[in-house]
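Let's take a friendly walk through this protein. Have the sequence and the model open beside you as you read.

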Amino acid sequence: MASRVRQRTHYQGSIAGSVPGLLDAVDMDNDGDTLSSLSINDDARTLATMSLSQSHRSPYLHPTHQATASTSTFNTHSNTQPIPIPSASQTPVPTAPGTPRISASRTPSSLRHASNAALPEAGHATKRRPTSPSGGREGKGNRSGREQKIRTNPRLPHAHDVPIAPATTMYWSRAPVHGALPMHNTRAHTVTLVDHVAWMFGGCDDKGCWRDVYCFDTETMHWSHPEMLGDIPPPCRAHTATLVDRKIVVFGGGQGPVYYDTTYILDTTTRRWYAPNFPAQSQPQKHIPDQQSQNPSQVSDPVHPAPRRAHTAVLYLGKIYIFGGGNGLTALNDLWALDVSRLDSSLRSGSTESGLKWSLIKTHSDLPAPRGYHTANLIGNIMVVVGGSDGRECFSDVWCLNLDSLIWTRVNLTVSHRRLSHSATQVGSYLFIVGGHDGNSYSSEILFYNLVNLQYEPRAVRGSPPSPRGYHVTIVADSRLFLFGGFNGHDVFDDVYTLDLAGAAYLPQVMSFRIEV
């Protein structure tokens with residue numbers, strides 16, 4: 001299937017030399033991926049060269065938080081000025097990418113921690129085998145022939161590495177992983193739990209995007225790197241991955257200046273990818289709004305969501321609801337639904353076109369501001385949206401959308417917290433909101449959002465927490481919260497942390513409640 005993508009156009013202007021530090025760190029890779037994860041307008045070189053004469057400010061670039069091309073995080077400069085962005089109606093002028101810089105080699109994050117800095121001992125041997133042919137960046141082989149790392153035994157913590165804490169207190173620790181370890185650090189990826197196995201797809205490091213699939217057994221802490229079959233997606237980041245039965249539906253994302261509007265389906269049983277066909281977005285559907293009118297007018301509606309990344313997805317009653325994100329020029333707040341109720345029959349029949357259909361959802365009341373890098377969780381029939389950013393500000397609001405009545409409601413908070421690029425995982429009657437950026441710096445804090453009274457509340461957490469970061473993923477399995485990867489503004493991580501719920505292990509069983517808004 002020919003992938004439909006929209007390539008964002010570069011702009012040329014005179015601002016490059018006026019913003020200190022903005023072009024100091026340019027991605028070395030030649031695939032055009034500048035990895036500007038903070039910005040939904042995802043290329044810092046593009047942002048840096050836009051004309052100062054325009055009146056609109058760039059989405060996802062705060063005037064006091066400029067994003068460099070390789071780190072794409074908030075870098076505070078006292079003399080930094082806001083960067084305008086041309087309106088969508090203006091004709092863009094293409095420009096060449098910025099000059100690459102030569103950066104020092106970076107040690108994998110798993111070796112940067114003091115507890116693991118020593119060379120492997122006899123009991124912790126690491127072997128290597130050739131990489132899977134399905135891995136690596138598209139058209140770039142297996143990352144210069146790197147071999148797959150195999151850790152035969154987990155690295156268990158020593159007594160001096162374990163802070164003392166009450167047995168009933170939630171406790172952070174680094175997971176003693178082993179097996180076929182991921183060959184690259186990862187951020188803006190997805191991790192989907194199927195039974196007790198977490199399927200990690202895509203993401204990027206400071207070199208480029210990836211299309212690998214790694215499997216992590218949450219019971220044994222074992223990594224594996226299975227080979228995939230079928231229509232393998234291109235390298236991707238900032239996409240969504242939604243579990244439908246035992247199939248993972250991936251939508252959107254992109255790499256470099258390219259934004260995807262494609263959908264891929266991974267059958268975790270057969271390990272085969274499928275690429276369903278949809279009507280071309282350039283062919284809108286037409287309907288007559290008033291059948292009684294003497295002169296009915298034909299109104300065109302899009303039949304497929306626009307390319308985007310940094311959006312969210314939830315599954316409700318056989319439909320995947322996609323909200324927000326960004327298309328490279330602006331943040332979005334539209335809502336789309338993909339009907340996957342006939343997904344199994346479509347795959348069995350070999351025709352993935354008959355059972356899948358997109359539809360634009362019209363909601364009521366006031367809408368949340370356009371945003372990306374927010375989170376969305378389905379609680380009953382309510383989609384709970386937390387935080388995000390439109391580039392000018394980092395949001396602290398919480399919104400609830402009733403997916404039956406399609407009415408948005410903003411929650412009145414007594415205490416609020418600004419967050420973007422965080423993670424939010426339902427643990428019973430709470431959302432565990434981990435890390436992210438607060439508009440000033442990255443955080444390692446856990447915010448506990450009570451889904452009954454819709455307010456934040458404090459809880460004690462001890463142990464050795466992960467370093468401050470965003471663009472990570474968290475899932476809950478077996479009374480533990482697992483955290484994978486992330487980015488702190490300089491380093492991209494490959495580590496796995498666990499939060500033992502301890503005395504709160506009962507929380508995942510608390511499901512008899514409703515959100516009243």
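## The whole chain

What percentage of the 517 residues of the protein chain count as buried? The share is 54%, where buried means under 20% relative accessible area, exposed over 50% and partly exposed in between, with a 1.4 Å probe and protein chains only. This is a predicted model, in which local features need pLDDT of at least 70, side-chain atom pairs count only at pLDDT 80 or more, and totals for chains, interfaces and linings use all residues. Residues are numbered from 1 along each chain as its sequence is written, and side-chain values use heavy atoms, leaving out hydrogens and water.

Strand E10 covers residues 213–217, and five of its five residues are buried, so the strand is largely enclosed by the rest of the structure. Val213, Cys215 and Asp217 point one way from E10, while Tyr214 and Phe216 point the other way.

Strands pair if DSSP finds at least two bridges between them. E10 pairs in the antiparallel sense with strand E9 (residues 197–201) over five bridges, and Val213 is the bridge partner of Phe201. With strand E11 (residues 222–224), E10 forms three bridges, also antiparallel, and there Phe216 stands opposite Trp223. Four residues lie between the strands of the E10 and E11 hairpin, where Met221 takes a positive phi near 60°.

## A loop residue: Pro458

Pro458 sits in the loop between strand E32 (455–457) and strand E33 (461–463). Its relative accessible area is 77%, so Pro458 is exposed.

Key:
Helices (H or I, at least four residues) and strands (E, at least two) are DSSP runs, numbered from the N terminus.
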